Amino acid sequence: RVSLYLSGGVIDTSFVTDADSKKKGDPVDFVSPFTGAAGFSIGFNWPSGYPGSFRVDYSHSDVSRYQRQGSYDYYSEPVNMLNGRISLDMEAVQFALYGKNLLDNEGALDANQPERQSRARPPSYGVEFKVSF
């Protein structure tokens, strides 16, 4: 009833030959050199005897770069996301409370020109109701 996970990635990229506006050895655009994630979930019984679960997960992505025509460099920002969820299962009905982007990450998600950069959604909180039949 307990699950843990941990993952990560290290990417070291560069051009091996000259190409268009890229020189040999230049890093590949839009690639974060490090990403990682960790999570925890646990199943339990509420005092009423109904099953429930709690989950929290965290992810991180380092800065990525975009070089335009060999003269302009744009950078993303580190992205750190924390999400959580707690649920109650009553046979065919499930209730859940959740929170997404709990750290209020407002940084640029990609390394593009400032007016074109994607941004994380603001923190959100909600209630889920699900019926199975």
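Student: In this predicted model, in which sense do strand β7 and β8 pair, and over how many bridges?

Tutor: Strand pairing is read from the bridges that link two strands. Here β7, covering residues 93-100, is paired with β8 in the antiparallel sense, over eight bridges.

Student: In what order do the strands of the open sheet lie?

Tutor: The order is β1-β2-β3-β6-β7-β8, six strands with antiparallel pairing. The edge strands, which each pair on one side only, are β1 (2-10) and β8 (124-131). On average, neighbouring strands of this sheet are turned by 10° against each other, with direction ignored.

Student: Where is Asn-80 found, and why is Asn-80 classed as partly exposed?

Tutor: Asn-80 is found in strand β6, which spans residues 79-90. Buried residues lie under 20% relative accessible area and exposed ones over 50%. Asn-80 has a relative accessible area of 23%, and is therefore partly exposed.

Student: Which residues does Asn-80 touch, leaving aside those up to four places away in sequence?

Tutor: Asn-80 touches Tyr-58, Ser-59, His-60, Asn-101, Leu-103 and Asn-105. Two side-chain pairs deserve attention. The side chain of Asn-80 makes a polar contact of 2.7 Å with that of Tyr-58, and a polar contact of 2.6 Å joins the side chains of Asn-80 and His-60.

Student: How many residues separate Asn-80 and Gly-36 in sequence, and what is their distance in space?

Tutor: Asn-80 and Gly-36 are 44 residues apart in sequence, while their C-alpha atoms are 9.6 Å apart in space.

Notes:
Residues numbered from 1 in each chain as written. Predicted model: local features only at pLDDT ≥ 70, side-chain atom pairs only at ≥ 80, totals over all residues. Heavy atoms only, no water. Helix = DSSP H or I, 4+ residues; strand = E, 2+ residues; numbered from the N terminus. Axes fitted to C-alpha atoms, helices over the stretch in contact; angles between N-to-C directions. Buried < 20%, exposed > 50% of the residue type's maximum accessible area, 1.4 Å probe, protein only. Contact = heavy atoms within 4.5 Å. Polar contact = N/O pair within 3.5 Å; in protein donor to acceptor, adjacent residues only side chain to side chain.
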